[in-house]
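Please keep the sequence and the model in view while reading.

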Amino acid sequence: MKKLIMIFMLCVYTGITFGQKAETKVTIEITSIKPDSIWVADYGEVFFAKPGKDNRYVLNFKHDKPLKVRMGFDKPEKRSMTLYLEQGDQLNIVTDFDKNSSFSGKGAENTRVFHECTRVHASAYEKKGKEIGDKILSPADAIKTYYELGQLKLNTLEANRQKVSATFYNDCYISFSCEKLGLPILLPRYYVTPEKKFSECIPDSYWDLEKDIRIDDQFTTNPDYVGFMTNVFPIFLSNREKFKLGTLDKTLSPEAEVKFKIALVEKIYPEKLKRAALFGIVNSAVGSTKELSLIRPLMDDFIAKYATEGQAKELRANYLKVDKLSAGKTPPPFILKDLNGKDVTLKDFAGKVIYMDFWASWCSPCRYEMKNGSPKLHAKFKDNKDVVFLYVSLDSKMDAWKKAIADDKIEGIHVLSQANSGVDSPVGKAFNIQGIPRYVIIGRDGKIFDIDAPRPSQDITQTKINEALNAKR
(Lines give C-alpha, C1' and ligand atoms only; values in the text may rest on other atoms or scores of the structure.)
Protein backbone atom coordinates (compact mmCIF):
# COMPACT_ATOMS: atom_id res chain seq x y z
CA MET A 1 0.00 0.00 0.00
CA LYS A 2 2.22 2.79 -1.30
CA LYS A 3 -0.33 5.55 -1.56
CA LEU A 4 -3.63 6.54 -0.09
CA ILE A 5 -5.92 3.58 -0.44
CA MET A 6 -8.64 4.40 -2.93
CA ILE A 7 -12.04 2.71 -2.89
CA PHE A 8 -13.78 2.79 -6.21
CA MET A 9 -17.47 1.89 -6.35
CA LEU A 10 -18.20 -0.15 -9.45
CA CYS A 11 -21.82 0.67 -10.13
CA VAL A 12 -23.92 -1.96 -11.81
CA TYR A 13 -27.02 -0.57 -13.44
CA THR A 14 -30.46 -1.89 -14.46
CA GLY A 15 -33.27 -0.12 -16.32
CA ILE A 16 -35.97 2.05 -14.70
CA THR A 17 -38.95 4.00 -16.07
CA PHE A 18 -40.52 7.00 -14.36
CA GLY A 19 -44.13 8.13 -14.70
CA GLN A 20 -44.90 11.11 -16.94
CA LYS A 21 -46.51 13.22 -14.20
CA ALA A 22 -43.32 13.62 -12.15
CA GLU A 23 -43.17 15.70 -8.99
CA THR A 24 -39.53 16.72 -9.41
CA LYS A 25 -38.02 18.22 -12.55
CA VAL A 26 -34.34 18.75 -13.40
CA THR A 27 -33.24 20.67 -16.51
CA ILE A 28 -29.58 20.33 -17.50
CA GLU A 29 -27.53 22.34 -19.97
CA ILE A 30 -24.05 20.93 -20.58
CA THR A 31 -21.32 23.35 -21.64
CA SER A 32 -17.98 22.67 -23.40
CA ILE A 33 -18.76 18.98 -24.08
CA LYS A 34 -21.77 17.69 -25.99
CA PRO A 35 -22.29 13.98 -25.21
CA ASP A 36 -24.87 12.00 -27.21
CA SER A 37 -26.64 11.00 -24.00
CA ILE A 38 -26.24 10.90 -20.22
CA TRP A 39 -26.91 8.14 -17.74
CA VAL A 40 -28.86 8.89 -14.57
CA ALA A 41 -28.74 6.58 -11.54
CA ASP A 42 -30.10 6.44 -8.02
CA TYR A 43 -28.99 3.63 -5.71
CA GLY A 44 -28.19 1.28 -8.57
CA GLU A 45 -31.12 2.02 -10.91
CA VAL A 46 -30.47 3.80 -14.19
CA PHE A 47 -31.98 5.23 -17.32
CA PHE A 48 -30.38 6.97 -20.27
CA ALA A 49 -31.50 10.39 -21.51
CA LYS A 50 -30.88 12.25 -24.75
CA PRO A 51 -30.94 16.04 -25.19
CA GLY A 52 -33.95 17.84 -26.62
CA LYS A 53 -33.95 20.16 -29.62
CA ASP A 54 -32.57 22.96 -27.45
CA ASN A 55 -29.69 20.66 -26.44
CA ARG A 56 -31.00 20.49 -22.86
CA TYR A 57 -31.82 17.40 -20.84
CA VAL A 58 -35.10 17.32 -18.94
CA LEU A 59 -35.40 14.67 -16.21
CA ASN A 60 -38.62 13.96 -14.32
CA PHE A 61 -38.80 11.95 -11.09
CA LYS A 62 -41.45 10.58 -8.79
CA HIS A 63 -40.29 9.96 -5.24
CA ASP A 64 -41.75 10.20 -1.77
CA LYS A 65 -38.47 10.87 0.07
CA PRO A 66 -35.15 12.63 -0.63
CA LEU A 67 -33.35 11.19 -3.61
CA LYS A 68 -29.65 11.16 -4.43
CA VAL A 69 -29.15 11.04 -8.15
CA ARG A 70 -25.83 10.40 -9.84
CA MET A 71 -25.56 11.31 -13.50
CA GLY A 72 -22.85 11.58 -16.11
CA PHE A 73 -21.45 10.33 -19.40
CA ASP A 74 -18.56 8.12 -20.48
CA LYS A 75 -17.79 9.60 -23.90
CA PRO A 76 -15.96 11.58 -25.17
CA GLU A 77 -14.54 11.33 -21.64
CA LYS A 78 -15.83 10.18 -18.27
CA ARG A 79 -17.49 12.82 -16.09
CA SER A 80 -20.20 12.64 -13.43
CA MET A 81 -21.87 14.56 -10.64
CA THR A 82 -24.38 13.85 -7.87
CA LEU A 83 -27.56 15.76 -7.05
CA TYR A 84 -29.68 15.85 -3.92
CA LEU A 85 -33.39 16.18 -4.72
CA GLU A 86 -36.35 16.78 -2.48
CA GLN A 87 -39.88 16.08 -3.63
CA GLY A 88 -41.18 18.98 -5.72
CA ASP A 89 -37.80 20.48 -6.64
CA GLN A 90 -37.63 22.39 -9.94
CA LEU A 91 -33.90 22.50 -10.51
CA ASN A 92 -32.00 24.13 -13.38
CA ILE A 93 -28.33 23.26 -13.92
CA VAL A 94 -25.69 24.70 -16.24
CA THR A 95 -22.52 22.62 -15.97
CA ASP A 96 -19.44 21.26 -17.70
CA PHE A 97 -19.53 18.26 -15.32
CA ASP A 98 -16.09 19.30 -14.15
CA LYS A 99 -15.21 22.49 -12.28
CA ASN A 100 -17.95 24.85 -13.37
CA SER A 101 -21.59 24.42 -12.36
CA SER A 102 -24.42 26.82 -11.56
CA PHE A 103 -27.81 25.99 -10.04
CA SER A 104 -31.12 27.86 -9.94
CA GLY A 105 -34.74 27.16 -9.12
CA LYS A 106 -36.31 25.31 -6.22
CA GLY A 107 -33.74 23.00 -4.60
CA ALA A 108 -30.77 24.93 -5.97
CA GLU A 109 -29.26 25.79 -2.57
CA ASN A 110 -29.38 22.18 -1.39
CA THR A 111 -27.71 20.98 -4.57
CA ARG A 112 -25.13 23.78 -4.47
CA VAL A 113 -24.08 22.88 -0.91
CA PHE A 114 -24.04 19.17 -1.73
CA HIS A 115 -21.82 19.93 -4.73
CA GLU A 116 -19.55 22.05 -2.54
CA CYS A 117 -19.23 19.28 0.06
CA THR A 118 -18.19 16.85 -2.65
CA ARG A 119 -15.78 19.29 -4.28
CA VAL A 120 -14.02 20.19 -1.02
CA HIS A 121 -13.58 16.53 -0.12
CA ALA A 122 -12.27 15.55 -3.57
CA SER A 123 -9.81 18.44 -3.64
CA ALA A 124 -8.48 17.63 -0.16
CA TYR A 125 -8.25 13.94 -1.04
CA GLU A 126 -6.18 14.70 -4.13
CA LYS A 127 -3.94 17.13 -2.24
CA LYS A 128 -3.32 14.62 0.56
CA GLY A 129 -2.46 11.92 -1.97
CA LYS A 130 0.23 14.12 -3.52
CA GLU A 131 1.50 15.06 -0.07
CA ILE A 132 1.90 11.44 1.00
CA GLY A 133 3.30 10.21 -2.32
CA ASP A 134 4.99 6.82 -1.92
CA LYS A 135 5.14 7.03 1.85
CA ILE A 136 3.58 4.07 3.64
CA LEU A 137 1.34 5.27 6.43
CA SER A 138 1.08 3.32 9.64
CA PRO A 139 -2.41 1.92 10.39
CA ALA A 140 -2.90 4.59 13.07
CA ASP A 141 -1.88 7.43 10.72
CA ALA A 142 -3.99 6.04 7.88
CA ILE A 143 -7.10 5.82 10.06
CA LYS A 144 -6.52 9.37 11.31
CA THR A 145 -5.97 10.64 7.75
CA TYR A 146 -9.15 9.14 6.32
CA TYR A 147 -11.21 10.10 9.34
CA GLU A 148 -10.13 13.73 9.00
CA LEU A 149 -10.76 13.74 5.24
CA GLY A 150 -14.24 12.40 5.86
CA GLN A 151 -14.88 15.11 8.44
CA LEU A 152 -14.40 17.79 5.78
CA LYS A 153 -17.81 17.09 4.25
CA LEU A 154 -19.42 17.45 7.66
CA ASN A 155 -17.56 20.71 8.29
CA THR A 156 -18.73 22.15 4.97
CA LEU A 157 -22.28 21.02 5.66
CA GLU A 158 -22.25 22.67 9.09
CA ALA A 159 -20.89 25.91 7.67
CA ASN A 160 -23.87 26.08 5.30
CA ARG A 161 -26.53 24.87 7.70
CA GLN A 162 -28.58 28.06 7.50
CA LYS A 163 -28.72 27.93 3.69
CA VAL A 164 -30.24 24.46 3.30
CA SER A 165 -33.45 22.74 4.30
CA ALA A 166 -33.66 20.89 7.62
CA THR A 167 -34.37 17.66 5.74
CA PHE A 168 -31.25 18.10 3.63
CA TYR A 169 -29.06 18.88 6.63
CA ASN A 170 -30.24 15.94 8.73
CA ASP A 171 -30.12 13.46 5.87
CA CYS A 172 -26.66 14.50 4.69
CA TYR A 173 -25.30 14.60 8.23
CA ILE A 174 -26.20 10.93 8.65
CA SER A 175 -24.84 9.95 5.21
CA PHE A 176 -21.58 11.89 5.59
CA SER A 177 -21.01 10.45 9.07
CA CYS A 178 -21.35 6.91 7.73
CA GLU A 179 -19.03 7.73 4.82
CA LYS A 180 -16.44 9.16 7.20
CA LEU A 181 -16.28 5.93 9.20
CA GLY A 182 -16.46 3.42 6.36
CA LEU A 183 -12.83 3.20 5.24
CA PRO A 184 -11.27 3.60 8.72
CA ILE A 185 -13.29 0.58 9.89
CA LEU A 186 -12.28 -1.56 6.91
CA LEU A 187 -8.71 -0.29 6.60
CA PRO A 188 -6.73 -2.61 8.98
CA ARG A 189 -7.35 -5.61 6.70
CA TYR A 190 -5.32 -3.90 3.97
CA TYR A 191 -2.22 -4.18 6.15
CA VAL A 192 -2.37 -7.93 6.77
CA THR A 193 0.50 -9.85 5.16
CA PRO A 194 1.92 -13.37 5.65
CA GLU A 195 4.39 -11.76 8.04
CA LYS A 196 1.92 -9.48 9.86
CA LYS A 197 -1.12 -10.71 11.76
CA PHE A 198 -4.43 -8.87 11.80
CA SER A 199 -4.11 -8.12 15.51
CA GLU A 200 -0.86 -6.28 14.79
CA CYS A 201 -2.62 -4.03 12.24
CA ILE A 202 -5.25 -2.59 14.58
CA PRO A 203 -4.05 0.46 16.56
CA ASP A 204 -5.70 1.45 19.84
CA SER A 205 -7.31 4.41 18.07
CA TYR A 206 -9.38 1.99 15.98
CA TRP A 207 -11.72 1.27 18.87
CA ASP A 208 -12.41 5.00 19.33
CA LEU A 209 -14.34 5.02 16.05
CA GLU A 210 -17.37 3.63 17.85
CA LYS A 211 -17.98 6.94 19.60
CA ASP A 212 -19.26 8.41 16.32
CA ILE A 213 -21.74 5.61 15.64
CA ARG A 214 -25.38 6.04 16.63
CA ILE A 215 -27.55 2.92 16.72
CA ASP A 216 -31.06 4.23 16.29
CA ASP A 217 -34.23 3.12 14.52
CA GLN A 218 -35.09 6.69 13.51
CA PHE A 219 -32.30 6.71 10.91
CA THR A 220 -33.54 3.67 8.97
CA THR A 221 -35.18 5.94 6.37
CA ASN A 222 -31.65 6.84 5.19
CA PRO A 223 -30.36 4.13 2.82
CA ASP A 224 -26.73 5.12 3.42
CA TYR A 225 -27.21 4.51 7.13
CA VAL A 226 -28.91 1.16 6.58
CA GLY A 227 -26.15 0.16 4.17
CA PHE A 228 -23.46 1.14 6.67
CA MET A 229 -25.16 -0.69 9.55
CA THR A 230 -25.61 -3.75 7.34
CA ASN A 231 -22.26 -4.01 5.57
CA VAL A 232 -19.69 -2.06 7.61
CA PHE A 233 -20.54 -1.74 11.29
CA PRO A 234 -21.03 -5.52 11.78
CA ILE A 235 -17.38 -5.86 10.72
CA PHE A 236 -16.39 -3.48 13.52
CA LEU A 237 -18.58 -5.39 15.99
CA SER A 238 -17.01 -8.66 14.90
CA ASN A 239 -13.49 -7.26 15.29
CA ARG A 240 -14.31 -5.82 18.72
CA GLU A 241 -15.81 -9.06 20.01
CA LYS A 242 -12.88 -11.13 18.73
CA PHE A 243 -10.49 -8.64 20.35
CA LYS A 244 -12.23 -9.20 23.68
CA LEU A 245 -12.02 -12.97 23.18
CA GLY A 246 -8.40 -12.85 22.02
CA THR A 247 -9.30 -14.47 18.68
CA LEU A 248 -8.62 -11.65 16.19
CA ASP A 249 -6.19 -13.84 14.24
CA LYS A 250 -8.48 -16.84 14.11
CA THR A 251 -9.97 -17.40 10.66
CA LEU A 252 -13.61 -18.41 10.49
CA SER A 253 -15.31 -19.95 7.49
CA PRO A 254 -17.47 -17.47 5.51
CA GLU A 255 -20.61 -19.12 6.90
CA ALA A 256 -19.33 -19.03 10.49
CA GLU A 257 -18.40 -15.36 10.09
CA VAL A 258 -21.92 -14.54 8.89
CA LYS A 259 -23.41 -16.41 11.84
CA PHE A 260 -21.10 -14.55 14.23
CA LYS A 261 -22.17 -11.16 12.85
CA ILE A 262 -25.84 -12.08 12.96
CA ALA A 263 -25.56 -12.92 16.66
CA LEU A 264 -23.94 -9.55 17.39
CA VAL A 265 -26.55 -7.62 15.40
CA GLU A 266 -29.37 -9.46 17.17
CA LYS A 267 -27.87 -8.54 20.50
CA ILE A 268 -27.14 -4.84 19.86
CA TYR A 269 -29.49 -3.41 17.23
CA PRO A 270 -32.99 -2.08 17.99
CA GLU A 271 -35.91 -3.84 16.33
CA LYS A 272 -36.44 -1.91 13.10
CA LEU A 273 -32.75 -1.57 12.30
CA LYS A 274 -32.19 -5.19 13.27
CA ARG A 275 -34.75 -6.42 10.75
CA ALA A 276 -33.30 -4.29 7.95
CA ALA A 277 -29.67 -5.19 8.67
CA LEU A 278 -30.28 -8.91 9.14
CA PHE A 279 -32.22 -9.08 5.90
CA GLY A 280 -29.28 -7.48 4.08
CA ILE A 281 -26.72 -9.76 5.74
CA VAL A 282 -28.66 -12.96 5.06
CA ASN A 283 -29.61 -11.99 1.51
CA SER A 284 -25.99 -11.14 0.72
CA ALA A 285 -24.84 -14.45 2.21
CA VAL A 286 -27.32 -16.38 0.08
CA GLY A 287 -26.06 -14.65 -3.03
CA SER A 288 -22.34 -15.08 -2.34
CA THR A 289 -21.88 -18.45 -0.63
CA LYS A 290 -20.58 -21.53 -2.41
CA GLU A 291 -22.10 -23.84 0.22
CA LEU A 292 -25.75 -22.83 0.04
CA SER A 293 -26.89 -25.61 2.38
CA LEU A 294 -24.88 -24.00 5.19
CA ILE A 295 -26.75 -20.71 4.78
CA ARG A 296 -30.23 -22.26 4.59
CA PRO A 297 -30.64 -22.58 8.41
CA LEU A 298 -29.71 -18.89 8.83
CA MET A 299 -32.23 -17.89 6.17
CA ASP A 300 -34.99 -20.03 7.67
CA ASP A 301 -34.28 -18.63 11.13
CA PHE A 302 -34.47 -15.03 9.87
CA ILE A 303 -37.74 -15.72 8.06
CA ALA A 304 -39.26 -17.32 11.16
CA LYS A 305 -38.19 -14.53 13.52
CA TYR A 306 -38.12 -11.28 11.60
CA ALA A 307 -39.01 -11.33 7.91
CA THR A 308 -41.90 -9.46 6.38
CA GLU A 309 -43.87 -11.29 3.71
CA GLY A 310 -41.98 -9.40 1.02
CA GLN A 311 -38.57 -10.15 2.55
CA ALA A 312 -39.39 -13.84 2.90
CA LYS A 313 -40.51 -14.00 -0.72
CA GLU A 314 -37.37 -12.24 -1.95
CA LEU A 315 -35.05 -14.46 0.11
CA ARG A 316 -36.68 -17.68 -1.08
CA ALA A 317 -36.60 -16.52 -4.69
CA ASN A 318 -32.93 -15.56 -4.38
CA TYR A 319 -32.15 -18.91 -2.75
CA LEU A 320 -33.79 -20.86 -5.59
CA LYS A 321 -31.98 -18.74 -8.18
CA VAL A 322 -28.60 -19.39 -6.54
CA ASP A 323 -29.37 -23.06 -5.95
CA LYS A 324 -29.97 -23.58 -9.68
CA LEU A 325 -26.42 -22.38 -10.28
CA SER A 326 -24.64 -24.34 -7.54
CA ALA A 327 -21.88 -26.88 -8.18
CA GLY A 328 -23.12 -30.01 -9.92
CA LYS A 329 -26.11 -28.28 -11.57
CA THR A 330 -26.57 -27.88 -15.32
CA PRO A 331 -25.68 -24.34 -16.42
CA PRO A 332 -28.29 -22.25 -18.24
CA PRO A 333 -28.27 -23.01 -21.99
CA PHE A 334 -27.60 -20.23 -24.48
CA ILE A 335 -26.76 -19.59 -28.11
CA LEU A 336 -24.59 -16.54 -28.76
CA LYS A 337 -22.76 -15.18 -31.80
CA ASP A 338 -18.98 -15.08 -31.90
CA LEU A 339 -16.85 -12.44 -33.66
CA ASN A 340 -17.52 -14.10 -37.02
CA GLY A 341 -21.27 -14.35 -36.51
CA LYS A 342 -21.14 -18.09 -35.82
CA ASP A 343 -23.45 -19.63 -33.19
CA VAL A 344 -21.71 -20.80 -30.01
CA THR A 345 -23.21 -22.97 -27.26
CA LEU A 346 -21.76 -24.71 -24.23
CA LYS A 347 -22.49 -28.05 -25.91
CA ASP A 348 -19.85 -27.21 -28.50
CA PHE A 349 -17.24 -27.90 -25.80
CA ALA A 350 -18.58 -31.19 -24.45
CA GLY A 351 -15.92 -33.16 -22.59
CA LYS A 352 -13.79 -30.07 -22.00
CA VAL A 353 -13.32 -27.70 -19.06
CA ILE A 354 -14.64 -24.21 -19.80
CA TYR A 355 -13.32 -21.15 -17.99
CA MET A 356 -15.99 -18.50 -18.59
CA ASP A 357 -15.06 -14.84 -18.24
CA PHE A 358 -17.98 -12.38 -17.94
CA TRP A 359 -16.75 -8.90 -18.81
CA ALA A 360 -17.46 -5.63 -20.65
CA SER A 361 -15.34 -3.06 -22.43
CA TRP A 362 -16.24 -0.36 -19.85
CA CYS A 363 -15.14 -2.50 -16.88
CA SER A 364 -11.60 -1.48 -15.86
CA PRO A 365 -10.96 -4.48 -13.53
CA CYS A 366 -12.11 -6.80 -16.35
CA ARG A 367 -9.70 -5.26 -18.82
CA TYR A 368 -6.88 -5.33 -16.28
CA GLU A 369 -7.35 -9.08 -15.75
CA MET A 370 -7.45 -9.69 -19.49
CA LYS A 371 -4.22 -7.82 -20.12
CA ASN A 372 -2.31 -8.97 -17.05
CA GLY A 373 -3.85 -12.22 -15.77
CA SER A 374 -5.29 -14.01 -18.79
CA PRO A 375 -2.08 -14.31 -20.89
CA LYS A 376 -0.26 -16.00 -17.99
CA LEU A 377 -3.18 -18.34 -17.31
CA HIS A 378 -3.50 -19.21 -21.00
CA ALA A 379 0.23 -20.02 -21.14
CA LYS A 380 -0.16 -22.61 -18.39
CA PHE A 381 -2.70 -24.53 -20.51
CA LYS A 382 -1.41 -23.74 -24.01
CA ASP A 383 -0.81 -27.41 -24.80
CA ASN A 384 -4.02 -28.68 -23.23
CA LYS A 385 -6.81 -28.87 -25.79
CA ASP A 386 -9.29 -29.84 -23.07
CA VAL A 387 -9.34 -26.31 -21.61
CA VAL A 388 -11.47 -23.64 -23.28
CA PHE A 389 -11.36 -19.93 -22.44
CA LEU A 390 -14.78 -18.50 -23.24
CA TYR A 391 -15.25 -14.74 -22.95
CA VAL A 392 -18.87 -13.58 -22.58
CA SER A 393 -19.15 -9.84 -23.09
CA LEU A 394 -22.05 -7.94 -21.54
CA ASP A 395 -21.46 -4.85 -23.65
CA SER A 396 -24.45 -2.93 -24.94
CA LYS A 397 -22.65 -1.90 -28.14
CA MET A 398 -21.06 -4.37 -30.54
CA ASP A 399 -18.43 -1.88 -31.74
CA ALA A 400 -17.17 -1.29 -28.19
CA TRP A 401 -16.94 -5.07 -27.66
CA LYS A 402 -14.91 -5.67 -30.81
CA LYS A 403 -12.64 -2.68 -30.24
CA ALA A 404 -11.73 -3.82 -26.70
CA ILE A 405 -10.81 -7.28 -27.98
CA ALA A 406 -8.62 -5.77 -30.70
CA ASP A 407 -7.01 -3.20 -28.38
CA ASP A 408 -6.17 -5.69 -25.65
CA LYS A 409 -5.32 -8.57 -28.02
CA ILE A 410 -7.48 -10.93 -26.00
CA GLU A 411 -7.10 -14.55 -27.11
CA GLY A 412 -9.92 -17.05 -26.66
CA ILE A 413 -13.46 -17.61 -27.87
CA HIS A 414 -15.51 -14.42 -27.76
CA VAL A 415 -19.30 -14.12 -27.67
CA LEU A 416 -21.63 -11.20 -26.95
CA SER A 417 -24.75 -11.21 -24.76
CA GLN A 418 -25.84 -7.66 -25.49
CA ALA A 419 -26.89 -5.72 -22.39
CA ASN A 420 -29.73 -3.23 -22.13
CA SER A 421 -27.58 -1.41 -19.57
CA GLY A 422 -24.86 -2.41 -17.14
CA VAL A 423 -24.92 -6.21 -16.85
CA ASP A 424 -28.60 -6.50 -17.70
CA SER A 425 -28.28 -9.06 -20.49
CA PRO A 426 -30.07 -12.38 -21.11
CA VAL A 427 -27.07 -14.57 -20.29
CA GLY A 428 -26.00 -12.25 -17.48
CA LYS A 429 -29.41 -12.72 -15.87
CA ALA A 430 -29.37 -16.48 -16.46
CA PHE A 431 -26.05 -16.80 -14.61
CA ASN A 432 -27.14 -14.30 -11.91
CA ILE A 433 -24.29 -11.93 -12.78
CA GLN A 434 -24.70 -8.85 -10.59
CA GLY A 435 -21.21 -7.45 -11.02
CA ILE A 436 -18.17 -7.98 -13.20
CA PRO A 437 -15.59 -9.32 -13.66
CA ARG A 438 -17.09 -12.71 -12.84
CA TYR A 439 -15.69 -16.14 -13.62
CA VAL A 440 -17.34 -19.55 -13.89
CA ILE A 441 -15.82 -23.00 -14.44
CA ILE A 442 -17.84 -25.66 -16.28
CA GLY A 443 -16.60 -29.23 -15.84
CA ARG A 444 -16.03 -31.94 -18.45
CA ASP A 445 -19.46 -33.37 -17.61
CA GLY A 446 -21.13 -30.12 -18.69
CA LYS A 447 -22.09 -29.28 -15.09
CA ILE A 448 -21.13 -26.24 -13.06
CA PHE A 449 -17.85 -26.87 -11.23
CA ASP A 450 -17.41 -23.39 -9.67
CA ILE A 451 -20.00 -20.62 -10.12
CA ASP A 452 -17.70 -17.95 -8.61
CA ALA A 453 -14.22 -18.98 -9.70
CA PRO A 454 -11.04 -17.03 -8.90
CA ARG A 455 -9.61 -14.45 -11.27
CA PRO A 456 -7.01 -15.27 -13.96
CA SER A 457 -4.29 -13.43 -12.01
CA GLN A 458 -4.76 -15.58 -8.89
CA ASP A 459 -2.41 -18.57 -8.46
CA ILE A 460 -5.27 -20.75 -7.22
CA THR A 461 -7.02 -20.49 -10.61
CA GLN A 462 -4.63 -22.94 -12.25
CA THR A 463 -5.29 -25.38 -9.40
CA LYS A 464 -9.05 -25.01 -9.78
CA ILE A 465 -8.92 -25.72 -13.51
CA ASN A 466 -6.72 -28.78 -12.90
CA GLU A 467 -9.19 -30.01 -10.31
CA ALA A 468 -11.97 -29.70 -12.87
CA LEU A 469 -9.85 -31.56 -15.43
CA ASN A 470 -9.25 -34.42 -12.99
CA ALA A 471 -12.78 -34.60 -11.53
CA LYS A 472 -14.66 -37.86 -12.01
CA ARG A 473 -17.47 -37.76 -14.56
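Which residues are buried in H5?

## Basis of the report

The structure is a predicted model, in which local features need pLDDT of at least 70 and side-chain atom pairs count only at pLDDT 80 or more, while totals for chains, interfaces and linings use all residues. Residues are numbered from 1 along each chain as its sequence is written, and side-chain values use heavy atoms, with hydrogens and water left out.

## Helix H5

In H5, the buried residues are Phe 233, Pro 234, Phe 236, Leu 237, Ser 238, Asn 239, Arg 240 and Lys 242, where buried means under 20% relative accessible area, exposed over 50% and partly exposed in between, with a 1.4 Å probe and protein chains only. Helices are DSSP runs of H or I with at least four residues, numbered from the N terminus. The buried residues of H5 pack against helix H3 (166-186), helix H4 (223-231), helix H6 (254-268) and helix H7 (271-288), contact being heavy atoms within 4.5 Å.

The 13 residues of H5 (residues 233-245) should span 18 Å at 1.5 Å a residue, which agrees with the 18 Å between its end C-alpha atoms; the expected span is 1.5 Å times one less than the number of residues. After H5 comes Gly 246, with a positive phi near 75°.

## The H7 and H8 pair

H7 and helix H8 (residues 292-305) pack at an angle of about 155°, with their axes 9 Å apart; the axes are lines fitted to C-alpha atoms over the stretch in contact, and angles run from 0 to 180 degrees between N-to-C directions. The two helices, H7 and H8, are therefore roughly antiparallel to each other, a term used for angles over 145 degrees. On the H7 side the contact is made by Arg 275, Leu 278, Phe 279, Val 282, Ala 285 and Val 286, and on the H8 side by Leu 292, Ile 295, Leu 298, Met 299, Phe 302 and Lys 305.

## Cysteines

The structure holds one disulfide, defined as a pair of cysteine sulfur atoms within 2.5 Å. This disulfide joins Cys 363 to Cys 366, with an S to S distance of 2.3 Å, and both cysteines, Cys 363 and Cys 366, are buried. The torsion about their S-S bond is about 80°, so the disulfide of Cys 363 and Cys 366 is right-handed.

The sulfur of Cys 117 lies 6.8 Å from the closest cysteine sulfur, that of Cys 172, which is too far for a bond. Cys 117 is buried, with a relative accessible area of 0%, and Cys 201 is also buried, at 1%.

## Leu 187

Leu 187 is found in the loop between H3 and H4, and Leu 187 is buried, with a relative accessible area of 0%. Its C-alpha atom is separated by 37 Å from that of Ser 417, 230 residues away along the chain.

Technical notes. Angles under 35 degrees count as roughly parallel, over 145 as roughly antiparallel, 65 to 115 as roughly perpendicular and the rest as oblique.
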